Amino acid sequence: MKNNFLVGFSEELISLSEKVGLVLNGIIDIKKKSTYKNLNFYLESEEELKSIKIDGVVIGIDSPHKRKYLYDYYKNKNINVLSLFLNKIEDTSSIKEGAIIQENVIISCNCHIGKSVRINIGATIMHDAVLE
């Protein structure tokens, strides 16, 4: 079994992970709580992260700059940055690693969703769009 973690607490992404069948082993966050739905929290610190084995992460942070920083941080540590989406995507569209596409999103044809892009609930992305 893979050790997958959510980086940044988000009830919406925990729910989406459950719906797509992604098992999360814990939550990495700057604010440490005890548990949420049987998921342990770990501080986002080098020392604490050394104490756990991480195979993959879902980056749940909203800020594009922080998402890019965390994407590069985990990739440099050879940790998989996982994409998370439930919706059907047009065959002519592409999604890069680490993208999060929340529920009820419509992505039309010939769209390119770049690495670590997050699209919020109910968004519509029209044809030929490029999101980096």
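Which order do the strands of the open three-stranded sheet have, and is their pairing parallel or antiparallel? The views below begin with that sheet. This is a predicted model, in which local features need pLDDT of at least 70 and side-chain atom pairs count only at pLDDT 80 or more, while totals for chains, interfaces and linings use all residues. Residues are numbered from 1 along each chain as its sequence is written, and side-chain values use heavy atoms, leaving out hydrogens and water.

**View 1. An open sheet with the order β7-β9-β12 and parallel pairing.** Strands (E, at least two residues) and helices (H or I, at least four) are DSSP runs, numbered from the N terminus; two strands pair if DSSP finds at least two bridges between them. The edges are held by β7 (84–85) and β12 (118–119), each with a single partner strand, so one side of each has no neighbour in the sheet. Have a look at Phe-85: its bridge partner in β9 is Ile-101.

**View 2. The largest nonpolar core, with 15 residues.** Such a core is a set of buried Ala, Val, Leu, Ile, Met, Phe, Trp, Tyr and Cys residues joined through side-chain atoms within 4.5 Å; buried means under 20% relative accessible area (1.4 Å probe, protein chains only). Residues with the most contacts inside this core include Phe-5, Ile-28 and Leu-49. β1 (4–7), β5 (56–59) and α3 (64–76) each supply at least two of its residues, and α3 gives the most, with four.

**View 3. Asp-29 in strand β2 (residues 26–29).** Asp-29 is buried, at 12% relative accessible area. A polar atom of the Asp-29 side chain lies 2.6 Å from the backbone nitrogen of Phe-9.

Note on methods: Buried < 20%, exposed > 50% of the residue type's maximum accessible area, 1.4 Å probe, protein only. Polar contact = N/O pair within 3.5 Å; in protein donor to acceptor, adjacent residues only side chain to side chain.
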